[in-house]
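Colleague: I would like to go through the terms used for this model and hear what each one rests on. Please set the values against the cut-offs as we go.

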Amino acid sequence: MKRMYLVFLPLVGVILFFFFGCNKDEEIQSSGNESSNAVIYEDASLKEQVSPYFYDNHIYRIELLGANLERERILRAALDQGLEEAFLLLEEAQKFFFNHTDVIMYSIPTLDPEQTLILYETMGLYQVSMAHFGPAGGGNMSFSLKTMDDRDYFSLKLDDQMRMGELKVYENEEIKSFNRTIYSLTYTEESQDVTTKSATADCCRNESSWSDCMDCTVNDCQGSWLCKIVGIVAPVELVAGFAASCIGAGPDARC
Amino acid sequence: MSLYGKIKFWSFLVIGIICIVAGGYLYPYGPDKRPWAEFLLLIGVGQLLIFAVLFFLRYRKRNKEAANA
């Protein structure tokens, strides 16, 4: 009997080893299949040709996220902000690549058709926001981005021909601090130049944002008698010119 | 007013606006662009002032003609 056990036990061991071994292989295979993201849009030419205008198309690739570690990571970042997993339609999560920045954007639709979770990721850091999109009366649609504490930081309206208007940028400390962190991680040396640049205010396009550029330009204009006169004669045209030139303003903007 | 006259009259407005928008566009680009920006703004203001004077004269003449008739 003992001999029988001695023969069977190693056999059972070998069978169990193969059985679990096969299961492990299947798991790895299935996770390998699930992990791949599916490309749903790609325009390689956009990767090379970067338009200087912010309103042009900068998205050169969109992927539909598969069930993989990447999706787990963004889910964790969203759950950390107090969201419930059941509220998110994770299967429809998309990943956006831009040609003018290394920041990756993820969008996750939610059970509420007027809300979409937006995550910006760069260098392993996440900024979680909620996009609200809904009717605003008069055939217009309103679009706003809010941080998870329900504070606006960007909003605009779209008419029936998808033209933008009433663009508003709000002071939002969370977004400012995220920008500062990323900026200091990316341009540590340049950021030292920025303080000197903004101190001398040589070029308003080097101000940190569009609104700062506008402030700088208007202040500058007040110091010039000619600019003041133009402001009296044709204020709308002058401000339109300022606004156009401040598009794309930022510490590393071309001057 | 002849066609040529009309074109010349409205060109003061159009060129004035174009120069001001171009000047305003160049203005925030720093001190090296500032002289060009101011030059364009000056031309723009000049054109608009000429337009304003001509506009005033044109309608004053029209009003007089209407009053005489």
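**Terms and what they rest on**

Modeller: K95(A) and E70(A) are both buried residues. The model is a predicted one.

Colleague: What makes K95(A) and E70(A) a salt bridge?

Modeller: The closest N and O atoms of K95(A) and E70(A) are 2.6 Å apart. The cut-off is 4 Å between a side-chain nitrogen of Lys or Arg and a carboxyl oxygen of Asp or Glu, so the pair is called a salt bridge. K95(A) lies in strand β3 of chain A and E70(A) in helix α3 of chain A, 25 residues apart, and the pair links distant parts of the chain.

Colleague: How do you know that the buried residues of α3(A) line one face of the helix?

Modeller: The buried residues of α3(A), which spans residues 69-79, are E70(A), R71(A), I74(A), L75(A), A77(A) and A78(A). Looking down the axis of α3(A), these buried residues fall within an arc of 160°, and they therefore line one face. An α-helix has 3.6 residues a turn, so residues three or four places apart point the same way.

Colleague: What do the buried residues of α3(A) pack against?

Modeller: Their partners are four strands of chain A: β3 (94-98), β4 (104-109), β5 (115-122) and β6 (125-137).

Colleague: Which residue has a side-chain oxygen at the start of α3(A), and what does that oxygen reach?

Modeller: N68(A) has a side-chain oxygen that comes within 3.2 Å of the backbone nitrogen of E70(A). N68(A) sits in the loop between β2 (59-64) and α3 of chain A.

Colleague: Why is N68(A) called buried?

Modeller: The relative accessible area of N68(A) is 12%. Buried means under 20%, so N68(A) is classed as buried.

Colleague: What makes N68(A) and N37(A) a polar contact?

Modeller: The side chains of N68(A) and N37(A) are joined at 2.9 Å. The limit for a pair of N or O atoms is 3.5 Å, so the pair is a polar contact. Leaving aside neighbours within four places in sequence, N68(A) is in contact with S35(A), S36(A) and N37(A).

Colleague: How many salt bridges does the structure hold over all chains?

Modeller: The count over all chains is 5. One of them joins the side chains of R61(A) and E63(A), at 2.7 Å from N to O, and both of these residues are buried. R61(A) and E63(A) are also linked with E42(A) in a network of salt bridges.

Colleague: Why is the pair of K146(A) and D150(A) called a salt bridge?

Modeller: The N to O distance between K146(A) and D150(A) is 3.7 Å. The cut-off is 4 Å, so the pair counts as a salt bridge.

Colleague: Are K146(A) and D150(A) buried or exposed?

Modeller: K146(A) has 17% relative accessibility and counts as buried, because buried means under 20%. D150(A) has a relative accessible area of 53%. Exposed means over 50%, so D150(A) is exposed.

Colleague: Which pair makes a salt bridge between chain A and chain B, and what makes it one?

Modeller: The pair is R34(B) and D220(A), with the closest N and O atoms 2.9 Å apart. That value is within the 4 Å cut-off, so the pair is a salt bridge. The count between the two chains is 1 salt bridge. There are also 4 residue pairs in polar contact across the interface, both residues at pLDDT 80 or more.

Colleague: What is the secondary structure of chain B?

Modeller: Chain B has 2 helices and 0 strands. Of its 69 residues, 30% are buried.

Colleague: Why does R58(B) count as buried?

Modeller: R58(B) has 18% relative accessibility. That is under the 20% cut-off, so R58(B) is buried. R58(B) belongs to helix α2 (residues 34-68) of chain B. Not counting residues up to four places away in sequence, R58(B) touches M1(B), F9(B) and W10(B).

Notes. Residues are numbered from 1 along each chain as its sequence is written. Chains are lettered from A and ligands numbered from 1 in the order in which they are written. This is a predicted model: local features need pLDDT of at least 70, side-chain atom pairs count only at pLDDT 80 or more; totals for chains, interfaces and linings use all residues. Side-chain values use heavy atoms; hydrogens and water are left out. Buried means under 20% relative accessible area, exposed over 50%, partly exposed in between (1.4 Å probe, protein chains only). The arc is that of the directions from the helix axis to the C-beta atoms. Contact means heavy atoms within 4.5 Å. A polar contact is a pair of N or O atoms within 3.5 Å; within protein, one must be able to donate a hydrogen and the other to accept it, and residues adjacent in sequence count only if both atoms are side-chain atoms.
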